[in-house]
Amino acid sequence: MEKRKIVIAANWKMNTNLDEAVELASEMLFELSEIDSVETILCPPFISLQKLKELFTDTRIKLGAQNVFYEEKGAFTGEISALMLHDLCQYVIIGHSERRQYFCETDEIVQKKLASAVNLGIKPIFCVGENLEQYQSEQTEEVIITQLTRGLSGLKLPDILIAYEPIWAIGTGQAASAVEANEVASLIRRTFGELFGLDAAGVLPVLYGGSVNADNIAEYVSKTDIDGALVGGASLKSSQFVSIIKRVAL
Ligand SMILES: O=C[C@H](O)COP(=O)(O)O
């Protein structure tokens, strides 16, 4: 199968105020403006989306939000909807394990968020992954299939990216091996194929996330079923994130 375009997405999580975000994004833009072989996506905190949108106008760098609420508007104090986001960014991270853990997001909530984003034309980066206990007791396959089938239920063929993020690999420096990550990426593709057809599975971008850095990225994207990465810690330093992209740029 022909290798699809590599996607590298940065998840800045709850880091950077507005000035810091603009500075970091400007440094990255300066280094990356000539690179068009990699789909580069920055997901800053909500407060910086508007400024970064202005900064990235007419550039190849795309923007993503880190979360979205599933209702479009109304009395939901503190929430941000897809309707509010759709002219600010092209992507949104949904189902990240930190939201599942700290904000009690269930597969059902994740499904509603995915539906809302897809309906408004925002591409979800849908995160799935097992925790350490599940990994050690060999429940990874079951967990991934459950998260996928529940999260994607009721959706028509979604224009979506799926990120495999084993929770035990996030921010720990203990990245999954490329072989293991590729096995799960392949499972994700097969499951997506069962839900939406083989053609859809063939073009589904599957990312790996969890302690990705400039030294290990090339090995992940050399695997048949991994199309890129969702990068946390290493995306907070311009030099590190730029190195990751340059390692995979043609
Ligand atoms: O969304 C990104 C992931 O949680 C990975 O974070 P990390 O690269 O710091 O391990």
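Visitor: Which residue with a positive phi follows α5?
Guide: Gly 121 does, with phi near 80°. Keep in mind that this is a predicted model.

Visitor: Where is α5, and how many residues has it?
Guide: Helix α5 covers residues 107-119, so count 13 residues. From first C-alpha to last, α5 reaches 18 Å. That is close to the 18 Å expected at 1.5 Å a residue.

Visitor: Which residues of α5 are buried?
Guide: Asp 107, Val 110, Gln 111, Lys 113, Leu 114, Ala 115, Ser 116 and Ala 117.

Visitor: What covers the buried residues of α5?
Guide: The cover includes three helices, α3 (82-85), α4 (97-102) and α7 (140-152). Strands β4 (91-94) and β5 (123-128) are also part of it.

Visitor: Zooming out, how many helices and strands are in the protein?
Guide: There are 11 helices and 8 strands.

Visitor: Why call it as compact as a globular protein of that length?
Guide: Because its radius of gyration is 17 Å, close to the 18 Å that the globule rule gives for 250 residues. The C-alpha trace spans about 45 × 45 × 35 Å along its principal axes.

Visitor: What share of the residues is buried?
Guide: Buried residues make up 52% of the 250.

Visitor: And contacts? What share join residues at least 24 apart?
Guide: 72%, counting contacts between residues at least 6 apart in sequence.

Visitor: New topic: charges. How many positive and negative side chains?
Guide: The protein has 22 positive and 34 negative ones. The centres of the two sets lie 4 Å apart.

Technical notes. Residues are numbered from 1 along each chain as its sequence is written. This is a predicted model: local features need pLDDT of at least 70, side-chain atom pairs count only at pLDDT 80 or more; totals for chains, interfaces and linings use all residues. Side-chain values use heavy atoms; hydrogens and water are left out. Helices (H or I, at least four residues) and strands (E, at least two) are DSSP runs, numbered from the N terminus. The radius of gyration is taken over C-alpha atoms; the globule rule is 2.2 Å times the number of residues to the power 0.38. Buried means under 20% relative accessible area, exposed over 50%, partly exposed in between (1.4 Å probe, protein chains only). Contact means heavy atoms within 4.5 Å. Lys and Arg count as positive and Asp and Glu as negative; His and the chain ends are not counted. The place of a charge is taken as NZ of Lys, CZ of Arg, CG of Asp or CD of Glu. The expected span of a helix is 1.5 Å times one less than its number of residues.
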